[in-house]
Amino acid sequence: MTEVWGSSEHRGATRRQTPGTPCWTSLLAQDLEAAKEFYGGLFGWSYYTPGPGRPGPYVRATIDGRDVAGIGGLPPDRQRANAWTTYLASDDADASAEWIHCAGGTVGVGPLADEDAGRLVLATDPAGAPFGVRQGRGAADPGPAGVPGTPVWHELVTHDAAAVLKFYRALFGYETKSSGAVDADTFTLHLDGRPVAAIRGAGPALRHPHWMTYFEVADVDTAAERVAELGGRVVDAPAEVAAGRAATVEDPEGAVFTLLRTAG
């Protein structure tokens, strides 16, 4: 990851976002109350339940009244997710779903109407990484960058970045830049001349391709220690990266995400 883009929601403040822009992140947890306690203890999130029309238990996490993420409860017979799900903005969720199907992806849920968010699609790309498409009634104001507890970057971790890049570029028209390193399989995705996400190849040993959500924190080392105190696990210890200092961690159910203190 070489560049960082900030994203969160604020109730009542909406604007259109360019299709393909990461616009939301959510998690399905087997124990919703335990997940709320973990992330509230880590990020200081508060929660509220949005209006009717969404199946199953679901809450939105907030910081200072600004929506930053969603957490839903999984039915007892469903497997737990191993990562947060990144949603990409769309002007037409139905057309996006049709294209995903025709291009070798799989549409698992939707398109369906969500009273609070517009129309949603849950899908997997040709390599098997889950992601969402969201056609909102107006995308949210990203708010100030660098606020601890908010998503600031999204990166697809997959087997072969160059192979899956074709799928996303055809779907949303991304411009791309490689990392520049001869042996690096990493591409930054650009829209309207700005970086919005990245795709990183991790090789055939990767078990589950997934979209990684990066959350801003005030101190990565302290936050990583807090993850362990709350019952999670540190996967990759804090280290300096191009964008700042980062650590990859798991919550108590195994959902993977990254803590980041952006440089500057």
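Gln135 is partly exposed, with a relative accessible area of 22%; buried would mean under 20%, exposed over 50%, and partly exposed lies in between (1.4 Å probe, protein chains only). The model is predicted, with local features needing pLDDT of at least 70 and side-chain atom pairs counting only at pLDDT 80 or more, while totals for chains, interfaces and linings use all residues. Residues are numbered from 1 along each chain as its sequence is written, and side-chain values use heavy atoms, leaving out hydrogens and water.

Gln135 belongs to strand E9, residues 130-135. Strands (E, at least two residues) and helices (H or I, at least four) are DSSP runs numbered from the N terminus. A polar atom of the Gln135 side chain lies 3.4 Å from the backbone oxygen of Asp91.

An open sheet of mixed pairing is formed by 8 strands, in the order E12-E13-E14-E11-E15-E18-E17-E16. Strands E12 and E16 stand at its edges with a single partner strand each, so one side of each has no neighbour in the sheet. Two strands pair if DSSP finds at least two bridges between them. E12 and E13 run antiparallel and are joined by 4 bridges; Ser178 has Phe187 in E13 as its bridge partner.

| E12 | 175-178 |
| E13 | 186-191 |
| E16 | 233-241 |

Technical notes
Polar contact = N/O pair within 3.5 Å; in protein donor to acceptor, adjacent residues only side chain to side chain.
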